[in-house]
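Morning, everyone. Please have a look at the model on the screen.

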Amino acid sequence: MKRMRRLRSSNAIRKLVQETHLNVEQLVYPVFVIEGDNIKNPVDSMPGIYQYSIDRLGEECDRMMERGVHNLLIFGIPAHKDEAGSQAYDENGITQRAIRYLKKTYPEIFVIADVCLCEYTSHGHCGLVQGERILNDETLPLLVKMSVSLAEAGADMIAPSDMMDGRVKAIRKGLDTAGFVHIPILAYSAKYASGYYSPFRDAAHSAPGFGDRRSYQMDPHNVKEALREMAADIEEGADILMVKPGLAYLDVLRAASERFDYPMAVYNVSGEYSMVKAAAGNGWIDERRIVMENMLAMRRAGADIIITYHALDVAGWMKDE
């Protein structure tokens with residue numbers, strides 16, 4: 001008889017033969033920055049998550065440093081929005097100013113800048129619109145302008161999340177031409193049109209004003225299409241590939257990690273976070289156990305990088321252990 005339980009008989013031997021490991025260096029913490037002064041607004045649909053004005057952003061950065069989390073994904077919320085999302089590529093925009101503050105005050109933080117127009121447009125879509133049609137090629141120059149502007153502000157990595165065709169190639173060319181050959185691109189390659197994003201749209205004030213995003217974000221029915229998206233992003237110059245959301249798309253993450261010899265990121269999105277928080281708040285689940293199980297599931301599926309709102313909690317629990 002095979003005695004598989006021999007390797008499960010004690011905590012020591014279980015740790016000795018563990019196949020999958022999680023470390024704090026693999027975590028990226030998303031942060032929301034808003035115009036104004038002395039602001040720390042709770043996001044009601046995301047317990048424990050806040051919108052910070054720049055003058056209070058240090059409070060969250062100090063928490064990151066204390067927990068050993070050094071990777072930050074930044075989202076800016078402007079005071080003014082227009083049809084072209086002009087604040088997205090304004091050198092004095094909220095995100096640009098926040099990045100300059102971060103790089104000056106917390107130089108050890110690795111700043112990843114999300115590139116998309118949805119937080120900055122009056123209509124809430126990720127590109128320019130004509131009637132109710134989302135324009136692809138006309139949007140690309142604005143994404144390039146935004147990427148270069150964020151790199152000039154000090155961003156360490158550019159992460160286009162808009163899902164416009166050809167945006168990685170355009171951004172790579174724009175960054176290189178502007179002298180930012182060294183700045184890597186983390187491409188939201190397989191970003192699905194998902195119902196898991198609703199709490200994020202509360203946090204970022206980015207809900208579309210009409211229709212939905214299914215004409216540019218991916219159909220949840222498809223896996224092969226995601227692999228074609230990733231192959232195209234690699235050809236266009238992406239350095240890291242991402243699957244978003246996480247838990248409902250681990251099959252996509254696994255398929256991609258087996259197909260491509262590239263670093264893989266996964267976004268453990270707002271809806272996934274909020275569901276765990278709600279269940280834990282009602283006493284239905286053990287939050288720590290469930291969150292750590294989710295982190296390991298994403299690592300097992302092939303994630304090298306996990307973007308998660310649980311990052312500070314996870315880092316604290318790992319530190320305790």
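I will go through the cavities, then the pockets. One note before we start: this is a predicted model.

Cavities come up now. How many cavities of 30 Å³ or more are there? The count comes to two.

Take the largest cavity. Its volume is about 100 Å³. Its lining is made up of 15 residues. Find Cys118, Lys191, Phe200, Arg213 and Lys244 on your screen; those lie nearest the centre of the largest cavity. Which elements give two or more residues to this lining? Strand S9, residues 186-191, is one, and helix H6, residues 198-204, is the other. The lining of the largest cavity has six nonpolar residues, six charged and three polar.

On to the second largest cavity. About 30 Å³ of space lies in there. The residues that line the second largest cavity are Tyr197, Phe200, Lys244, Tyr267, Val269, Ser270 and Tyr309. By class, five of the residues in this lining are nonpolar, one is polar and one is charged.

The largest pocket has a volume of about 660 Å³. Lining it are 16 residues, and the closest to its centre are Gln18, Thr20, Met292, Leu296 and Glu321. Two elements to look for here: helix H1, residues 11-16, and helix H10, residues 287-301, each give two or more residues to the lining of the largest pocket. Which element gives the largest share of that lining? H10 does, with six residues. What about classes? The lining of the largest pocket has eight charged residues, four polar and four nonpolar.

Last stop, the second largest pocket. Its volume is about 230 Å³. This pocket is lined by 16 residues. Closest to its centre are Met163, Arg214, Ser215, Tyr216 and Gln217. The lining of the second largest pocket divides into seven nonpolar, five charged and four polar residues.

Quick recap before you go. The largest cavity is about 100 Å³, and the second largest cavity holds about 30 Å³. The largest pocket is about 660 Å³, and the second largest pocket is about 230 Å³. And remember, the model is predicted.

Conventions:
Residues numbered from 1 in each chain as written. Predicted model: local features only at pLDDT ≥ 70, side-chain atom pairs only at ≥ 80, totals over all residues. Heavy atoms only, no water. 1 Å grid on protein atoms, 1.4 Å probe; cavity = no way out; pocket = protein on both sides within 12 Å on 5 of 7 lines; lining within 4 Å. Points joined across faces, edges and corners; volume = space filled by probe spheres on them. Helix = DSSP H or I, 4+ residues; strand = E, 2+ residues; numbered from the N terminus. Nonpolar A, V, L, I, M, F, W, Y, C, P; charged D, E, K, R; others polar.
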